[in-house]
Amino acid sequence: MYTAINGIYENGQFVLAETPPTSKKTKVVIMFMEEVETLPKNKKKGVKLGSLAGKGYNIPDNFNEPLDDLKDYM
């Protein structure tokens, strides 16, 4: 079974960003993808909560209705 897990290699060590699916001794293959610039630990990168408020899209009233194109399959 193959499972991909993200992580970062820095200063001779691998730091996993996710928990592996096993805690047993397991063979692994490490692939170096690209260099990444790490952020200082005290700064957070991401989306500010509420930053999209008022920028939503109008969902039509018939959004959940069956599509005419699929009538033959229902």
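**Note on aromatic contacts and exposure**

1. The model is predicted. Within it, Tyr-9 is partly exposed, because its relative accessibility is 43%, a value that lies between the limits of 20% for buried and 50% for exposed.

2. Phe-14 likewise counts as partly exposed, at 44% relative accessibility. The ring of Phe-14 pairs with that of Phe-32: the centres are 6.2 Å apart and the planes stand at 45 degrees, so this pair is tilted. Phe-14 belongs to strand β2, which covers residues 13-16, while Phe-32 sits in the segment after β2; the pair therefore links parts separated by 18 residues in sequence.

3. Phe-32 has a relative accessible area of 60% and is therefore exposed, as the cut-off for that class is over 50%.

4. The structure contains three aromatic pairs. One of them joins Tyr-9 and Phe-14, in a tilted arrangement with 4.8 Å from centre to centre and 45 degrees between the planes. Tyr-9, Phe-14 and Phe-32 together make up one aromatic cluster.

5. As regards secondary structure, the chain has two strands and zero helices.

6. How many of the 74 residues of the chain count as buried? The computed share is 0%. The accessible surface of the chain amounts to about 8,800 Å², and carbon and sulfur atoms account for 54% of that surface.

Terms used
Residues numbered from 1 in each chain as written. Predicted model: local features only at pLDDT ≥ 70, side-chain atom pairs only at ≥ 80, totals over all residues. Heavy atoms only, no water. Phe/Tyr/Trp six-rings, centres within 6.5 Å; stacked < 30°, edge-to-face > 60°. Buried < 20%, exposed > 50% of the residue type's maximum accessible area, 1.4 Å probe, protein only. Helix = DSSP H or I, 4+ residues; strand = E, 2+ residues; numbered from the N terminus. Areas by Shrake-Rupley, 256 points an atom, 1.4 Å probe, with all protein chains shown as cover.
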